[in-house]
Amino acid sequence: MEQREAAERAGHLRQQLDQWNYQYYVLDDPTVPDAEYDRGLQELQAIEAQYPELIDPQSPTQRVGAAPLAQFQQVTHQVPMLSLDNAFDARDMQAFNRRLLERLSLPDAQLEFACEPKLDGIAVSLLYRHGVLERGATRGDGTTGEDITQNVRTIRSIPLRLRGSGFPDVLEVRGEIYMPRDGFERMNRQARERGEKPFVNPRNAAAGSLRQLDARITATRPLQMCSYSVGLVEGGRLPDRHSEILRCLAQWGLRINAESAVVTGIDACDAYYQSLAARRAGLPYDIDGIVFKVNALDLQQRLGFVSRAPRWAIARKFPAQEEVTRLLDVEFQVGRTGAITPVARLEPVFVGGVTVSNATLHNADEIARLGVQIGDTVVVRRAGDVIPQVVSVLVERRPAGATAIVFPTRCPDCGSPVEREEGEAVWRCVGGLVCSAQRKAAIKHYASRRAMDVEGLGDKLVDQLVDEGLVTRLSGLYDLTLTQLVALERMGEKSALNLIDALERSKTTTLARFIFALGIREVGETTARNLAQAFGSWEALLAASESDYLAVQDVGPVVADHLVQFFDAPGNLEEVAALRRAGVTWPDIDTANANALPLAGQTWVVTGKLEALSRDEAKALLQGLGAKVAGSVSAKTDCLVAGPGAGSKLVRARALDVTVIDESALLEALAQHGVTV
């Protein structure tokens, strides 16, 4: 390839790669497979290797990181990066609003506020000159930060060159660099596999990644950047509202938070806070509060600053997700598959909005990694509805009487040996159904709402039934009599009759629910549904080979092996036969005509609160009509069902021009296909 032709091809590839990069990292809407992106990048690297004079500092190939620095240089922020005052409850917010109105002499006004999630990451400044990234810096003390330009250039959601036009000659963009939860978990899992110490939480991981003197290390870390304001602006004008400035930043290729909103009045701020607090655990990143800013810039200027914080903004914090407490003891629980899980008994502590007295220690490897002992002072983390976990130990506070945690060599329930399969971190009891703890867990799973949905069969009742010897296997549930049930402690005749009715109703189910209810290792709801749709009947599933299983969507070698082991065990097949003799039944699926279903080939997403249906019920009905029901919105989504409280998915659907309907329209669509609710 001649140099002129190479230059033209390199320019085309850079433009194409930048577009793909923007769609993937900023819009979360990839349009080509990773392999296609990789081929384009490799071709561009080859051209630049052949003609080094064609290398552009803003090229996608230059994101791999430069040579290590001896130290970071200092940067002075021409416009200081101030901190925010905090509010901890609705009263603090009311006081904030009152101060605003008094200072503005607007006693009865309803101010407009820009609301943004407060990402739990590292504040940074990006300086663009004529649209080209010139410098990246940490916040530091607000006046002086550190030059981390080489590191921020490796983060793919940060444009090396702004898109479009109309941006000022000099534009300082401010935002938060953070690590999404899935990237954090993946990075820590890889660290454990290498025998390295994992990070405690995503914020520490982001901070440690940004402060690498070797930018090539930063380039390997799953970091993201979300813009939330501007600082220095020269040679151009920006809109007069904060929310409109953010919209401009998005048009110029910078990522902004899809959860951002504009509301009027302090009561609406509280409603936004409560809404996002309820969905906090389901977000793909950590947030520690909400930032509320007066939206109009002229009002911001009138309000001014106090000390080191603006008067026109405040951060309402969520309850702390991490706290310090003392480890009093460790107990070992046995799960449905025999997994032995160590549970920390803690001195009660308020964390994540609730009082926590128990936390998981995961497994023996995690105990060894933490180096934790009974009596230690530990850091406990609870994020939303996630099970609390011990994340670190304050070794310097260890008391003289601390004792080592000894992992059992025999099952704490039945005394059977515990074994650890090669390549697994978990120790398991080999007792199977001899172990009452495994029987209890299997029955609880079988009766759960997403499996056979036996209403009224709670955990304590299952414990009673197993301890009394009334149920020794799943099929034994259907042998229970009214006389046996009313004889149980705290079980009246009405409750007993209701349970017998619920057991009778559970006999009519679907093949997917039944497969899931059996508790086959690694076979969750989605895999069970894929297996049911692929084979159509229990007999076909039973007759399938390992290679047949591997041909099913989402089934890999591990799941296929567990399926083979389950069906090779005579006891499992005998139990299924007993369940069917008891009357458990389901309709077979016509796999030959699966593509003829009215919604076959369509992808739907359900979000928000529904009234006539639960989201699970809506999902099941849509799947019954052939639709794929996804958890996130993309350009491939055909329809979003949005109930009250719909948030980022609704925003994203509108941005991608995806069809959006409410619950009443969903019910009409279902009725058109013969499904009545």
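The following conversation explains how terms are applied to parts of this predicted model.

Visitor: What kind of model is this, and what is left out of the side-chain values?

Guide: This is a predicted model, in which local features need pLDDT of at least 70 and side-chain atom pairs count only at pLDDT 80 or more, while totals for chains, interfaces and linings use all residues. Residues are numbered from 1 along each chain as its sequence is written, and side-chain values use heavy atoms, with hydrogens and water left out.

Visitor: What makes β5 and β8 edge strands?

Guide: Helices (H or I, at least four residues) and strands (E, at least two) are DSSP runs, numbered from the N terminus. Two strands pair if DSSP finds at least two bridges between them. An open sheet of 4 strands has the order β5-β4-β7-β8, with antiparallel pairing. β5 (132-138) and β8 (224-234) each have a single partner strand, so one side of each is left without a neighbour in the sheet. From one strand to the next, the twist averages 25 degrees.

Visitor: How do you know that β4 and β7 pair?

Guide: Strand β4 (residues 122-129) and strand β7 (residues 170-178) are joined antiparallel over 8 bridges, and the definition asks for at least two. Leu 127 stands opposite Glu 172 in β7, and Val 124 stands opposite Gly 175 in β7. β4 is also joined to β5, by 6 bridges in the antiparallel sense; there the bridge partner of Val 124 is Thr 138. The hairpin of β4 and β5 has 2 residues between the strands, and His 130 takes a positive phi near 55 degrees in it.

Visitor: Why is β4 called largely enclosed?

Guide: Buried means under 20% relative accessible area, exposed over 50%, and partly exposed in between (1.4 Å probe, protein chains only). In β4, 7 of the 8 residues are buried, so the strand is largely enclosed by the rest of the structure.

Visitor: Which helix lies across β7 and β8, and what do its buried residues pack against?

Guide: Helix α8 (residues 242-251) lies across β7 and β8 and runs at about 110 degrees to β8. Such angles run from 0 to 180 degrees between N-to-C directions, and axes are lines fitted to C-alpha atoms, for helices over the stretch in contact. The buried residues in α8 are His 242, Ser 243, Ile 245, Leu 246, Cys 248 and Leu 249. They pack against β3 (112-119), β7, β8, β9 (261-264), β10 (287-294) and α10 (297-303), where contact means heavy atoms within 4.5 Å. Gly 253, which follows α8, has a positive phi near 100 degrees.

Visitor: Why does Ser 392 count as buried?

Guide: Ser 392 lies in strand β19 (residues 389-393). Its relative accessibility is 17%, and the limit for buried is under 20%; therefore Ser 392 counts as buried. Leaving aside residues up to four places away in sequence, Ser 392 touches Val 200, Leu 370, Val 378 and Val 379.

Visitor: Why are α12 and α13 called oblique to each other?

Guide: The axes of helix α12 (residues 436-447) and helix α13 (residues 459-467) come within 10 Å and cross at roughly 135 degrees. Angles under 35 degrees count as roughly parallel, over 145 as roughly antiparallel, 65 to 115 as roughly perpendicular and the rest as oblique. The helices α12 and α13 are therefore oblique.

Visitor: Which residues of α12 and α13 make the contact, and how do they divide by kind?

Guide: From α12 come Ser 436, Arg 439, Lys 440, Ile 443 and Lys 444, and from α13 come Asp 459, Val 462, Asp 463, Val 466 and Asp 467. They divide into 3 nonpolar, 1 polar and 6 charged. Here Ala, Val, Leu, Ile, Met, Phe, Trp, Tyr, Cys and Pro count as nonpolar, Asp, Glu, Lys and Arg as charged, and the others, Gly among them, as polar.

Visitor: How do you know whether Val 466 is buried or exposed?

Guide: Val 466, in helix α13, has a relative accessible area of 5%. Buried means under 20%, so Val 466 is buried.
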